[in-house]
Amino acid sequence: MHSTPSLAPETTIAIVGAGRLGGVLSRALRAAGFVVLGPLRRGDRAPDADIALLCVPDAAIAPVAFAVRPHARLVGHVSGATPLTDVDFSMHPLQTFTGRETPDVFHDIGMAVDGRTPEALAVAEQLAHALGATSFAIDDERRAGYHAAASFASNFVLTVLDAAEQLGRDAGVDRVHLAPLVRRTVDNWVASGAASALTGPIARGDEETVARQRAASADHVELFDALAVATRAIARRAGGSSGTESASDHAPTDRASGDHASSSDAPTDHSSTAEPTDYAPTDRASLDHASSTDAPTDHASDDARTDPEPADHVTPEEPQA
């Protein structure tokens, strides 16, 4: 095991967890010139390395970090939501992964980093830059808000797009027809923000059209109502039309029933972005294996699962954004 703090080409990095992000990170770090051990799977021993990078479920970080600590100078994780309690540093790629990406998937993306010491933070930053990413600091106090933002930007977008796809299918519109609209909307948002990019009936205060859309939303009425409330708030920020300004702050009334949706925000179920893997490292002293379960990132979007095993068995998985 090396003792130098610098990330020389001979730096050894053990990737713990072979899910979506673990596999992609292994390929990318190897392509960047590091000596990569793994991704490690179930039954593999925890090897001696300069750095152990945990691509495991949030719930498994503590026990896996404990298992690899004797074999690594620094231990890091790739979770966006978990604090540094049990590790030295964190690096969370602000991207979603399928597991099939090439190493250049990290080029020009954001990477949230943090470290318990200046040296550990420097290592996280150097790893991010070696991958071609742009690092930015996220400390424990801001982690929850940061990770929530990532879910809104990725996971919840897919929820909305899935509803659009289902409604479009019923109307004879395919996903491929909706895709250019989605891309242009995102491009406009990137260029000028939501308030400036917003178009459509709510933006122009056309409540009759909004009511017709709601009536056609079938099983998606609750989602429509919640989104309409949020969209009206964006329209008001943009200075909206007089029609929008005079509209009430609740979702449009269903003319058939006379019922309206509440203006309160509906709670959302933010599931973990972890991905099942098939490995957890074990301390060489015990030789016991850990059960295993990004996504994303997190970024890693699968639920973390742990097996009801003794304390020396852990279940790694991979978080995604």
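Visitor: If a salt bridge means a side-chain nitrogen of Lys or Arg within 4 Å of a carboxyl oxygen of Asp or Glu, how many salt bridges does this rule count?

Guide: The count comes to ten salt bridges. The model is predicted, so local features need pLDDT of at least 70 and side-chain atom pairs count only at pLDDT 80 or more, while totals for chains, interfaces and linings use all residues. Residues are numbered from 1 along each chain as its sequence is written, and side-chain values use heavy atoms, leaving out hydrogens and water.

Visitor: Which residue pairs with Arg142 in a salt bridge?

Guide: The partner of Arg142 is Asp139, and their side chains come to 3.4 Å, N to O. Arg142 is partly exposed because its relative accessibility is 43% (buried is under 20% relative accessible area, exposed over 50% and partly exposed in between, with a 1.4 Å probe and protein chains only). Asp139, at 31%, also counts as partly exposed.

Visitor: And what does Asp206 meet in a salt bridge?

Guide: The side chain of Asp206 meets that of Arg204, with 3.9 Å from N to O, and Asp206 is partly exposed at 24% relative accessibility.

Visitor: OK, what about Arg214 and Asp225, are they buried or exposed?

Guide: Arg214 counts as buried at 7% relative accessibility, and Asp225 counts as buried at 5%. Their side chains form a salt bridge of 2.6 Å, N to O. Since Arg214 belongs to helix H8 (residues 207–215) and Asp225 to helix H9, the pair ties together parts that are eleven residues apart in sequence. Helices (H or I, at least four residues) and strands (E, at least two) are DSSP runs numbered from the N terminus.

Visitor: How do H8 and H9 cross?

Guide: Their axes come within 10 Å and cross at roughly 155°, where axes are lines fitted to C-alpha atoms, for helices over the stretch in contact, and angles between N-to-C directions run from 0 to 180 degrees. That makes H8 roughly antiparallel to H9 (under 35 degrees is roughly parallel, over 145 roughly antiparallel, 65 to 115 roughly perpendicular, and the rest oblique). In this contact, meaning heavy atoms within 4.5 Å, H8 contributes Glu207, Val210, Gln213 and Arg214, while H9 contributes Val221, Phe224, Asp225 and Arg232.

Visitor: What else is buried in H9?

Guide: Besides Asp225, the buried residues of H9 are Phe224, Ala228, Val229, Thr231, Arg232 and Ala235. H9 is then followed by Gly239, which has a positive phi, near 90°.

Visitor: Switching topic, how are H4 and H5 arranged?

Guide: Helix H4 (residues 143–153) packs against helix H5 (residues 155–170) at an angle of about 25°, and their axes are 3 Å apart. The two helices are therefore roughly parallel to each other. On the H4 side the contact involves Ala150, Ser151, Phe152 and Ala153, which meet Asn155, Phe156 and Val157 of H5.

Visitor: Last one: where does Gly99 sit?

Guide: Gly99 is in the loop that runs between strand S5 (89–93) and strand S6 (110–115), and at 23% relative accessibility Gly99 counts as partly exposed. Apart from its neighbours within four places in sequence, Gly99 contacts Arg20, Val24 and Arg27. Ala18 lies 81 residues away from Gly99 in sequence, yet the two C-alpha atoms are 9.5 Å apart in space.
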